[in-house]
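Subject: Structure for your review

Dear colleague,

Please find the structure below, together with its sequence. I would be grateful if you would read the notes that follow with it open before you.

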Amino acid sequence: MIDFGSLVSDSYNRKARLYPAILVIAPIAAAFIAIRPEVIQSNEAWVFAPIAILGSFLLTQLVRDASKKREPYLFNSWGGMPSIVVLRHRTNFIDSLSKARYHSKLLALVSNTSAVSETQEAEDPTGADATYAAWSEFLRNKTRDTKKFRILFLENINFGFRRNTWGAKFLGVCSSVVAMVSASLVMWLRFEEVGEVENLSIGALAVTFFLAVFWVFIVRTDWVKQVAFLYARQLIVSVDELD
């Protein structure tokens, strides 16, 4: 369980877990503004702030659980865990000479593992992946210093944000589409009644539209894959920085 303090103060928790939750709640908040702009323009708006904050905190748990539960689907569709895929001889995320150097360093650093040649990898891909998984786990444990491995940490945040956002896609699509349709209907009825709609309402409705586009068309597996392999590559490259 993530406490409120660390969720806000910790960079990873805030950007990778809280921000996706806010993106789920944002369409609902925008729809409320579109429907009741007078509340936002009054001094009553602050009353809803604690509700929005609490909702965001609770959603971080749902978002994280959903993304972790669906993560195996991502890895299977990509051919395996990104760090394992990057270490394979048959992939080209890292040039062959550098990859050979990283293999040699990891072999020397990680006990109870054996060298994996291209032929061995082709004959026993499962065994080769087991070695790559051990090397990857070793690197993750040895690169937790976020100051020393700053670039890796930032790539991890990017991956965490996109993975968790993708994991919350169902919630995001539902909230944005329902918010957009509801706000549009209420605003249309108001226009029919009084003959005008406030600019604030129009702006808020536009926000629900753009969020719906984001959730439906931007948040896709390829969007997550791009940063997942950038993080994985940086993880492997970080072996050069180990003491």
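Is Arg101 buried, partly exposed or exposed? Its relative accessible area is 37%, so Arg101 is partly exposed. Please keep in mind that this is a predicted model.

**Salt bridges**

Arg101 has a salt-bridge partner in Asp240, and the closest N and O atoms of the two are 3.0 Å apart. Arg101 belongs to helix H6 (residues 96-109), whereas Asp240 sits in the segment after helix H12 (221-237), so this pair ties together parts that are 139 residues apart in sequence. Asp240 is likewise described as partly exposed, because its relative accessibility is 33%.

A second salt bridge joins the side chains of Glu71 and Arg163, at 3.0 Å from N to O. Glu71 is in helix H4 (residues 49-77) and Arg163 is in helix H9 (residues 150-167), so here the parts tied together are 92 residues apart in sequence. Buried means under 20% relative accessible area. Glu71, with a value of 10%, is therefore buried, and Arg163, at 8% relative accessibility, counts as buried too. Through salt bridges that share partners, Lys68, Glu71 and Arg163 are joined into one network.

A further salt bridge links Glu38 with Arg36, whose closest N and O atoms are 2.5 Å apart. Glu38 is partly exposed at 37% relative accessibility, and Arg36 is partly exposed at 36%. The count for the structure comes to eight salt bridges.

**Helix contacts**

How do helices H2 and H10 lie relative to each other, roughly parallel or roughly perpendicular? The axes of H2 (residues 11-35) and H10 (residues 169-194) come within 8 Å and cross at roughly 5 degrees. Angles under 35 degrees count as roughly parallel, and H2 and H10 are therefore roughly parallel to each other. Among the residues that meet there are Val24, Pro27 and Ile28 from H2, and Leu171, Gly172 and Arg190 from H10. By class, this contact has 11 nonpolar, four polar and one charged residues.

Helices H8 (residues 125-142) and H12 have axes that come within 9 Å and cross at roughly 80 degrees. H8 and H12 are therefore roughly perpendicular to each other. In this contact, Ser136, Leu139 and Arg140 of H8 meet Tyr231, Leu235 and Ile236 of H12. These residues divide into four nonpolar, one polar and one charged.

**Aromatic pairs**

The structure holds 10 aromatic pairs. One of them is formed by Tyr132 and Trp135, which are tilted, with 5.8 Å from centre to centre and 50 degrees between the planes. Tyr132 and Trp135 are three residues apart in helix H8, and so are separated by about one helical turn. Both Tyr132 and Trp135 are buried.

The pair of Phe159 and Tyr231 is stacked, because the ring centres are 6.1 Å apart and the planes are at 10 degrees. Phe159 is in helix H9 and Tyr231 in helix H12, so that this pair links distant parts of the chain, 72 residues apart. Both Phe159 and Tyr231 are buried. Tyr231 also takes part in the contact of H8 with H12 described above. Elsewhere, ring pairs link Phe75, Trp78, Phe93 and Phe229 into a cluster.

With kind regards

Definitions and conventions. Residues are numbered from 1 along each chain as its sequence is written. This is a predicted model: local features need pLDDT of at least 70, side-chain atom pairs count only at pLDDT 80 or more; totals for chains, interfaces and linings use all residues. Side-chain values use heavy atoms; hydrogens and water are left out. Axes are lines fitted to C-alpha atoms, for helices over the stretch in contact, and angles run from 0 to 180 degrees between N-to-C directions. Helices (H or I, at least four residues) and strands (E, at least two) are DSSP runs, numbered from the N terminus. Angles under 35 degrees count as roughly parallel, over 145 as roughly antiparallel, 65 to 115 as roughly perpendicular and the rest as oblique. Contact means heavy atoms within 4.5 Å. Ala, Val, Leu, Ile, Met, Phe, Trp, Tyr, Cys and Pro count as nonpolar, Asp, Glu, Lys and Arg as charged, and the others, Gly among them, as polar. A salt bridge is a side-chain nitrogen of Lys or Arg within 4 Å of a carboxyl oxygen of Asp or Glu. Buried means under 20% relative accessible area, exposed over 50%, partly exposed in between (1.4 Å probe, protein chains only). Rings of Phe, Tyr and Trp (its six-membered ring) pair if their centres lie within 6.5 Å; planes under 30 degrees apart count as stacked, over 60 as edge-to-face and the rest as tilted.
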